[in-house]
Structures are given as C-alpha cells and as structure tokens.
Amino acid sequence: MEAGLGKPLQKRQVIFLGMLLFLWEADSETIRYSVPEETESGYSVANLAKDLGLRVWELAPRGAQIHHKGSKQLLQLNVKTGDLLLQEKLDREVLCGAIEPCILHFQLLLENPVQLFQVDVQLIDVNDHSPEFLEKKMILKIPESAQAGTVFPLKSAQDLDIGSNSVQNYTISPNSNFRVVTHNRGDGRKYPELVLGKALDREEQPELILTLTALDGGVPPRSGTVTLQIEVVDINDNAPKFLQSLYEVHVPENSRINSLVLIVSARDLDAGTNGRVAYSFFEGDKVSQPFVIDEKTGEIRLQRALDYEVHQHYTIEIAATDGGGLVGKCTVAIEVVDVNDNAPELIMSKISSSIPENSPEIVVAIFRVSDPDSGDNGRMVSSIQNDLPFLLKPTFENFYTLVTEGPLDRESRAQYNITITVTDLGTPRLKTEHSITVLVSDVNDNAPAFSQTSYTLSVRENNSPALHIGGVSATDRDSGSNAQLTYSLLLPQDPHLPLASLVSINADNGQLFALRALDFEALQAFEFRVGATDRGSPALSSQALVRVVVLDDNDNSPFVLYPLQNASAPCIELVPRAAEPGYLVTKVVAVDGDSGQNAWLSFQLLKATEPGLFGVWAHNGEVRTARLLSERDAARHRLVVLVKDNGEPPLSASVTLHVLLVDGFSQPYLPLPEVAPERAQADSLTVYLVIALASVSSLFLFSVLVFVVVRLCRRRRAASLGVCSVPEGHFPGHLVDISGTGTLSQSYQYEVCLSGAAGTNEFKFLKPIFPKFPPQRACEATVGNATLGNVLQFP
C-alpha cells in the first residue's frame with residue numbers, strides 16, 4: 001500500500017529520496033545519444049527499438065509514445081521503423097542556456113504491459129553565435145598623469161555559446177599607448193583589461209579612438225567589436241577605491257520589490273569634484289537587471305522579483321566614477337535563496353478512464369511530478385486515499401504508475417474517484433491535487449439469479465388457449481449485454497410429458513402461457529425447468545423449477561355405479577313387509593370425476609310412488625324404509641333418486657329404483673307393469689340366484705365360526721373340570737350383519753355351550769335368553785350386531 005516514506009496511519013505515500021533515485025536509475029535502462037544543436041527536423045537520432053531490444057512490430061500495438069517534461073514535443077518515434085526523429089530544430093542556448101552539459105531527458109512509454117525506458121539526448125554546442133558587446137562605444141577618461149602599467153577595466157563581450165565556442169581572447173587595434181590583457185573569472189568566463197604602456201600627453205593627443213575585438217574559440221572563430229574612445233584629462237591624482245573588492249550577499253527569492261539588498265561604498269582621496277563618487281553598474285543591461293543602484297549612496301535595491309528557479313545567482317560589477325573620470329570597480333556576488341514558492345506539478349502521461357473488473361494489477365495512470373524548488377522544498381510526497389484498492393508505484397525520474405491493488409468487482413463498486421496529492425516538504429508545505437474518475441467495466445462474471453428457486457403456479461382446467469398463468473423472474477448483477485437475459489424452457493426429465501404443447505415462455509420477460517386447455521382429470525400437476533441465459537461471452541445461465549397445479553372445475557356430472565342404469569333389465573330390490581322402520585332397502589353408489597367439493601355428492605329422493613314410505617340418506621345414498629309396512633301398501637314402488645355434487649354450478653344425475661314388497665324371500669312375485677312379459681322369467685331367476693348366494697355365504701361364515709371355537713376348546717382340554725372357559729361379562733348388544741343384506745334388523749342373543757370332556761366336539765344351539773345373563777355361567781357367549789372380532793373374545 002505504500003512506497004517510499006510516508007505516514008502509515010494517514011495516507012499511502014511515496015517519497016523520492018536520493019538513495020531511492022539512485023537505486024531506480026541504477027536499475028533502469030538509460031539510453032544516451034548526442035546530437036549537434038541546430039540539426040534540421042526529421043533527423044534520425046538512432047534506431048531506438050533496436051538499441052532497446054524491442055521488436056518494431058510491437059511498437060504500434062503497445063502504444064509507444066515519447067514523453068518530455070516540457071510543453072513542446074521535441075522528439076518523435078516512428079513506430080513503423082523504430083527510429084527516434086527530431087521533431088524540430090533544437091537550439092541549445094534556448095533549451096539549456098549556460099548549463100553544461102545540455103541533456104534533454106525523454107521517456108519511452110509502452111503499454112500492455114507497461115514499460116518505461118529513459119532516453120537522454122545531449123545537445124552538442126556548435127559555434128552559431130558571435131561575441132557581442134552590449135554597448136556600441138565605450139568611453140574611458142584617463143588622466144595624463146597616469147603611469148605606464150596602469151590597468152583600466154573594460155566591459156566584457158557576451159557569447160551565448162559555451163566552452164571553447166565562447167569568448168576566448170580580446171585584442172585591440174594597433175597603437176603605441178595601450179594593450180589589452182585577457183583574464184579568467186572564477187566561472188570560466190574571460191574579461192579584458194586595458195593596460196597603459198606609455199604615458200599620455202593631453203597637449204599632444206587629447207583623444208584616442210581604438211577598436212576592441214572579442215574572439216571566440218570556434219572553428220572558424222567568430223568575433224565582435226566595440227569602439228573604445230579614450231579621453232585624456234587633466235591631472236586627477238586618485239581613482240575611487242571600494243572598501244571591498246568582492247561583496248557577497250544572500251537574498252531570498254521572495255524578497256519584496258525595492259527591498260535593500262546591499263550597500264557598496266568607495267572612497268576617493270581627491271577633493272572637490274574629483275573626490276565626488278558616482279556609483280553605477282559597470283556592465284549589463286539595466287532594463288533586464290533585477291537590481292538597481294543609487295548612484296549617490298551605493299544602495300543596491302531590488303527592482304524586480306527574483307526567481308530561484310530561473311537564476312540562482314548573480315555576479316554584478318559595480319563602478320565608482322569620480323568627477324575626473326577615474327573609475328574604481330568591485331564585484332558583487334548575489335546568491336538567490338530558494339523559498340518554497342512553487343507547488344509541485346503533476347503531468348499525466350497516460351490515463352485509463354475505464355478498466356475491466358477481475359483483472360489483477362491493471363495500470364490506471366502514469367504520471368510525472370516535479371518541483372522546481374531545491375532541497376526540502378523540492379522533495380515530494382505522492383499519495384492517494386487510504387480506502388481505495390489502488391497503489392502508487394515509483395518508476396524513475398519522478399515517474400509513478402497508479403495500479404490496482406487486486407481484482408476489482410464492478411458489482412460491489414462501479415466507479416472510483418481517486419485524488420492524487422503531491423506535497424513538498426518545504427515550509428510551508430505546498431501541494432497539488434489531481435482527481436481522476438475510474439470506471440470499472442463489466443465482465444460477465446455473474447450468472448443470472450432467479451428470485452425463487454422454485455415457483456408454483458395454478459391454472460383452472462378448461463382454460464382458454466394462450467392464457468397467461470404467471471411468470472418467472474431472474475436478475476443479473478452484471479450490466480449491459482451481460483445483464484440482458486433470455487428465458488427458455490428446458491427439456492423435461494419425464495420424456496412422456498408433452499411440455500412443448502402445454503406451456504410456452506416469453507424469452508424476454510419470462511411470462512408463462514398455457515398453450516391449450518388443461519383437463520384436471522387427465523393431468524393434475526406437472527413440473528418443468530426454465531433457464532435464464534445472459535448475453536455475455538461466454539454466456540452464463542441458471543435454472544429454476546416451475547410446478548403448475550391444475551385446479552379442478554366442476555365439469556363432470558355424478559356417475560351412478562349402482563344400480564346400473566343401462567342394464568338389459570331393471571334392478572329390483574325386495575323388501576319384506578315385516579321390515580322395521582330404517583330397514584336398508586339398497587344403497588345408491590355414485591362417483592364424480594372432479595375433486596374437492598366438486599366431488600362431494602348428496603342424495604335426494606326426487607320422486608316416489610308412495611311418498612313417505614321410503615327415505616334416502618343425503619350423504620351415503622342409503623335407501624331405507626321410513627315407517628312400518630302395512631298390507632295396504634302397494635306391492636310395487638318406483639323411486640327416482642337424484643345425485644347432486646357440490647360444485648358451482650352443481651351438476652346432477654338421477655337413478656330409478658324398483659322396489660317389490662314381499663311377505664318372505666321365498667314368496668313369488670309378479671313382474672312389474674313396466675317390465676315386458678317376455679322378461680318376467682329372467683327377472684325371477686335373478687332374484688333366486690341372489691337369495692342362493694346369500695345363503696351359501698351365511699353358511700360358510702357360520703362354519704368358520706364353529707371351527708374356530710372347536711380349536712380353542714381343544715387347547716384348553718387340560719383345564720380343570722374339563723370345562724371350556726368363556727370370558728365373563730356381557731357381549732355386545734347388537735348382532736352381526738353376516739350376509740350384508742341388512743335383513744337382521746333386531747338384536748338376538750343365544751347361549752352356546754362347548755363341552756371339553758366329550759370325545760368329539762359338539763356345537764349346540766340353545767334357546768334364546770334375555771340380554772342380561774346370570775353370573776358364574778360355565779360356558780356362554782353372545783352373538784349380535786357386531787363385528788366378528790368382538791363376538792369371539794376368547795382369552
């Protein structure tokens with residue numbers, strides 16, 4: 001999270017210290033070239049791709065660019081050939097001034113992956129400037145009393161070239177009185193002095209006109225001249241003399257205008273006008289000079305703001321001239337003290353406004369920082385906010401890359417506002433902020449998600465085709481085409497389910513439609529799966545289960561199972577005239593293909609030959625006698641029973657019953673009037689068959705009962721007194737309807753005794769007894785209207 005030095009609890013910071021710079025420069029590749037200044041534009045400096053070991057074909061795809069600190073693009077890269085070309089003619093004096101060597105720093109930036117190469121181009125000075133004096137004429141006043149060997153200072157010529165191409169020598173036109181001596185200053189520059197070789201005589205020659213020539217060291221050499229006018233004056237014994245030959249002073253660059261810089265002082269031992277001293281700058285352009293001197297007091301004041309970043313020091317020569325024209329000279333060295341008056345500068349070389357999610361360490365931006373101040377004022381700290389998943393990494397020459405700390409998730413955060421803060425270490429600290437907005441572009445990394453894992457939809461049967469029955473919904477956290485979903489029906493697991501003919505789905509919104517009318521009685525429910533697929537690459541999908549429940553509609557009328565209505569002969573029920581009220585005549589059995597309350601059936605006696613004689617139970621369809629039968633009741637009865645469901649609207653069916661009253665089951669009966677004579681014999685035979693079947697069934701059950709009792713008594717043969725034990729207590733008070741015909745309508749009790757001592761098993765029917773038995777009977781049992789399990793309750 002942090003490179004260099006910084007405050008760990010505040011911001012991630014990157015500080016370029018001297019050691020860090022050294023390490024980065026030592027570790028980075030630096031290519032150095034030299035080019036003579038004033039070379040024409042388009043000149044090929046070198047094949048940069050070859051020297052860096054890069055393949056030419058990869059320069060264009062990787063966006064190769066040349067970056068320079070200045071506003072002008074001085075060099076350009078030909079991405080087709082890899083040649084480094086001059087964008088324009090370069091002037092060393094404009095670009096570097098008096099700085100030697102003149103080195104221009106460039107960076108080659110490559111992307112995908114990001115690489116930076118340092119390229120240094122040194123401009124070689126050519127002798128393209130001639131020495132030039134600032135004044136066209138220099139006037140010197142020399143007293144005729146001046147002795148041979150006296151030295152008089154002269155103003156220097158200016159040459160923008162450096163080194164051997166700068167001024168190397170001064171000469172003077174031939175004469176018999178003066179010669180010129182060339183001296184070196186501490187900074188390497190040359191300056192001339194005029195030496196008197198022979199005493200002057202004003203009366204003989206009051207004025208001399210000479211030519212001073214300055215020569216540089218170029219090949220061929222260039223020169224500049226100035227006219228030197230020497231006036232011979234009367235005796236002025238003493239020239240002004242400064243108290244110090246060299247004054248040194250330090251001036252902060254933020255000093256106010258007209259502030260005092262220094263006071264110089266010179267004395268002249270002469271009296272009168274020859275002793276009055278006037279101060280001035282010995283040479284230099286007063287207009288461009290940031291200082292001004294008071295000619296009377298020698299006060300040097302600031303007339304224009306100083307800028308350490310432009311000039312760090314000034315060397316000024318001050319002349320003190322008396323009234324007789326004699327001149328004294330001193331040198332003032334002014335060092336400009338840097339103050340923290342420049343905020344750091346941030347220059348973006350590359351910025352990516354959009355980066356893909358899920359990609360590790362993506363380069364977001366490449367930028368360079370600079371501060372023209374010096375010392376701590378020029379040392380910088382670069383930082384970004386602490387809560388962002390980004391890192392600042394230093395490269396070289398104050399270049400930084402802003403990279404992602406790890407893969408980003410657009411669904412968590414789609415936009416980042418990053419503020420890059422560059423702060424210097426001066427007092428007070430100055431800072432520069434640069435804000436960039438980074439958008440995280442979407443990658444199809446999220447599958448669609450249904451709002452429910454399963455859906456249950458309901459539709460009533462007999463629906464209209466293309467009926468909307470519901471829908472499914474899915475969302476995708478991605479964006480754009482990655483979030484556009486397409487819904488589809490998946491192949492059912494049951495191969496016999498004709499899903500394609502049952503439902504369809506809208507591919508755009510997931511709405512489901514029933515393609516045809518559904519029948520509850522044929523298909524109560526069915527399941528299938530739907531899929532949601534996004535339009536990303538590769539496409540992602542998910543599934544959900546849909547269960548469609550068909551709701552029953554009352555579309556089926558009750559169907560009578562018994563008695564059959566389509567038989568060849570009507571069903572006739574026999575009822576003995578001795579039947580008690582509530583005697584079960586028959587039972588109407590009906591079903592309904594619907595479900596729920598649509599299948600709840602109720603029974604109703606719709607029509608009867610003699611109302612009030614028979615009744616129908618509404619819930620089970622049992623037809624029973626409502627009262628005692630009499631001899632006056634007709635022998636033949638026709639009943640119409642209505643079977644109705646509980647649907648809305650209710651549906652119904654009717655059934656016709658024929659009832660024949662007889663004195664006994666063996667009594668013959670006449671055919672009903674509704675029956676044709678030719679069918680009477682067949683109906684009589686049917687009745688006899690039913691009676692025979694009931695008798696055989698009763699006999700079989702009774703035999704089973706006897707067999708069970710005999711077997712149980714044998715097991716207790718070893719019991720004392722040879723008596724089979726029978727459970728004490730009362731038997732149930734109702735008889736068992738063994739035949740199922742409902743003919744035993746009253747309760748009867750019988751006494752049964754089984755003798756265990758006899759050699760053979762005997763089963764005796766005893767006389768009927770009353771329901772309550774005397775206690776301590778040796779062997780007793782009851783048989784009534786109860787189940788067989790309740791009758792034989794042996795221990």
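**Cysteines, a sheet and some loops**

Mentor: Let's begin with Cys330, which has a relative accessibility of 1% and therefore counts as buried, the cut-off for that word being under 20%. Cys713 has a relative accessible area of 14%, so Cys713 is buried too. Please keep in mind throughout that this is a predicted model.

Now to the cysteines that are bonded. The structure holds one disulfide, and its partners are Cys96 and Cys102, with an S to S distance of 1.8 Å. The torsion about that S-S bond is about 65°, so the disulfide linking Cys96 and Cys102 is right-handed. Both of these residues, Cys96 and Cys102, are buried.

As a reminder, strands of a sheet pair through backbone hydrogen bonds, and they may do so in a parallel or an antiparallel way.

Some loops elsewhere in the chain deserve a look at the backbone. Between β31 (415–424) and β32 (431–441) there is a loop that holds Pro428. The peptide bond between Thr427 and Pro428 is cis, with omega about -5°. Another cis peptide bond joins Glu648 to Pro649, and there omega is about -5°. Pro649 sits in the loop that runs between β49 (636–645) and β50 (652–662).

The loop between β26 (354–356) and β27 (363–370) is where you will find Asn358. Asn358 is not a glycine, yet its phi is positive, at about 65°. With a relative accessible area of 37%, Asn358 counts as partly exposed. Glu361 belongs to the loop between β26 and β27 as well, and it too has a positive phi without being a glycine, here about 50°. Its relative accessible area is 47%, so Glu361 is partly exposed.

The chain has a mean pLDDT of 80, and 82% of its residues reach 70 or more. Over residues 666–679 the pLDDT stays under 50, and the model gives this stretch 21 contacts beyond four places in sequence. Residues 720–795 also have a pLDDT below 50, with 118 contacts in the model beyond near neighbours in sequence. Where pLDDT is low, the predicted coordinates should not be read in detail. I would treat the contacts listed for residues 720–795 with that in mind.

Key. Residues are numbered from 1 along each chain as its sequence is written. This is a predicted model: local features need pLDDT of at least 70, side-chain atom pairs count only at pLDDT 80 or more; totals for chains, interfaces and linings use all residues. Side-chain values use heavy atoms; hydrogens and water are left out. A disulfide is a pair of cysteine sulfur atoms within 2.5 Å. Buried means under 20% relative accessible area, exposed over 50%, partly exposed in between (1.4 Å probe, protein chains only). pLDDT is the predictor's confidence in each residue, from 0 to 100. Contact means heavy atoms within 4.5 Å. Helices (H or I, at least four residues) and strands (E, at least two) are DSSP runs, numbered from the N terminus.
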